Amino acid sequence: MYRPSLILTASLLLMLGLSLSPAQAQRSLKIMHYNILRYGDDTCVPTLSQKDGWLSTILTASQPDVLTVNELLPSEAFSNRIRGLGFTYTDQIDYGEITNDAEAVFINNIFYRTDKLGYVGVEVIEADPRDVNVYTLYDKESVASGDTLFLYFIVAHLKASNSSSDRAKRLQATQNIIDWMDENGRGKHVILLGDFNFSAANEDGFQNLVKQTDPEIDFFDPAGRENNWNGPVHTLIHTQSPRTVSNDCGVTGGLDDRIDIILLSDAIKNEARGVFYKDETYEVFGNGGDSYDRELRCNADGPVS
């Protein structure tokens with residue numbers, strides 16, 4: 001039986017390697033971002049219990065150590081629900097504090113494995129129409145060395161649509177992120193994740209993130225698409241819409257653009273303190289590359305055309 005494999009939105013998955021000293025074995029952190037499409041909103045079909053089942057299937061198959069999300073209703077009850085129903089492969093999961101300075105309908109959050117990572121706190125980068133969150137975690141294995149390794153997860157959900165006003169809001173949000181990097185992120189291991197809603201790689205907001213002349217505040221694209229991601233040749237990294245007909249409040253149009261993105265800071269690019277991106281692990285989970293401009297479907301064996 002076929003069903004949409006990503007009824008919520010496309011998700012992203014990548015891996016970081018951790019090799020903090022010659023005496024330590026190399027370890028990995030699997031990081032996923034997911035726009036979970038109005039999670040907690042009972043005015044949309046499918047039902048919340050159906051979403052729980054699908055999310056559990058996706059998380060069980062991918063088993064991320066860190067999951068960041070967009071479009072979560074701003075209530076701890078729903079973060080608790082995801083922690084309890086989505087993570088079947090481990091019960092050692094916690095989530096970050098809720099912020100909603102922008103008073104938006106939906107918020108971001110982070111879920112992480114407590115056996116690997118500890119939680120420090122959250123900052124808010126101001127943006128319109130939603131908060132951009134900076135969650136600080138630390139690697140528990142590094143604590144004993146006396147030189148704790150911190151990881152900074154910036155989670156964003158920028159303005160949708162493509163009017164000049166929409167693009168201006170996205171550009172301003174990216175500038176606020178760059179300003180935070182300038183003041184707080186230099187030399188740090190920063191992972192920028194989210195639903196950015198960029199219209200194309202040449203949009204000013206995206207270029208503002210990946211073409212800074214100062215490498216310490218610049219981000220690099222592990223998918224290698226800093227200049228272009230349009231057209232069927234790039235279909236493996238498309239995350240726009242896995243549907244052509246909507247009955248779940250999601251956008252239509254088929255899988256033909258890149259909306260959800262993960263970017264990494266210069267410290268990770270240059271393997272500072274032994275933290276590095278594992279080559280070719282950037283993956284749009286569930287996207288087999290053969291669903292360009294069409295609905296993404298799957299069966300028990302995975303995506304089908």
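Colleague: What makes strand 4 and strand 6 a pair, and in which sense do they run?

Modeller: Keep in mind that this is a predicted model. Two strands count as paired when DSSP finds at least two bridges between them. Strand 4 (residues 66-72) and strand 6 have five bridges, in the antiparallel sense, so by the definition they pair. Within that pairing, Leu72 sits opposite Ile107 of strand 6.

Colleague: And what about strand 5, how many bridges does it make with strand 6?

Modeller: Three, again antiparallel, and the cut-off is at least two, so strand 5 (residues 93-95) qualifies. Here Ile93 faces Arg113 of strand 6.

Colleague: What makes you call strand 6 mostly covered?

Modeller: Buried means under 20% relative accessible area, and seven of the seven residues in strand 6 (107-113) are buried. Both faces are covered: one side carries Ile107, Asn109, Phe111 and Arg113, the other Asn108, Ile110 and Tyr112.

Colleague: How do you know that the buried residues of helix 2 are on the same side?

Modeller: The buried ones in helix 2 (residues 76-85) are Phe78, Ser79 and Ile82. They span an arc of only 105° around the axis, which puts them on the same side of helix 2. As background, an α-helix has 3.6 residues a turn, so residues three or four places apart point the same way.

Colleague: What do those buried residues of helix 2 pack against?

Modeller: Strand 3 (27-39), helix 1 (48-62), strand 4, strand 5 and strand 6.

Colleague: How do you know that the length of helix 1 agrees with what its residue count should give?

Modeller: Its 15 residues, at 1.5 Å a residue, should span 21 Å, and the end C-alpha atoms of helix 1 are 21 Å apart, so the two agree. Just after helix 1, Gln63 takes a positive phi of about 50°. Buried residues of helix 1 include Trp54, Leu55, Ile58 and Leu59.

Colleague: Which residues touch the most other members of the largest nonpolar core?

Modeller: Phe153, Ile154, Leu209 and Phe219, out of 54 residues. Strand 9 (residues 150-157) gives the most to this core, with six residues. There's also a second, separate core of 22 residues, with Tyr39, Leu72, Leu73 and Ile93 among them.

Colleague: Which residues does Phe219 touch, leaving out those up to four places away in sequence?

Modeller: Contact means heavy atoms within 4.5 Å. On that basis the partners of Phe219, beyond four places in sequence, include Ile154, Ile177, Met181, Leu209 and Leu263.

Key: Residues are numbered from 1 along each chain as its sequence is written. This is a predicted model: local features need pLDDT of at least 70, side-chain atom pairs count only at pLDDT 80 or more; totals for chains, interfaces and linings use all residues. Side-chain values use heavy atoms; hydrogens and water are left out. Buried means under 20% relative accessible area, exposed over 50%, partly exposed in between (1.4 Å probe, protein chains only). Helices (H or I, at least four residues) and strands (E, at least two) are DSSP runs, numbered from the N terminus. A nonpolar core is a set of buried Ala, Val, Leu, Ile, Met, Phe, Trp, Tyr and Cys residues joined through side-chain atoms within 4.5 Å. The arc is that of the directions from the helix axis to the C-beta atoms. The expected span of a helix is 1.5 Å times one less than its number of residues.
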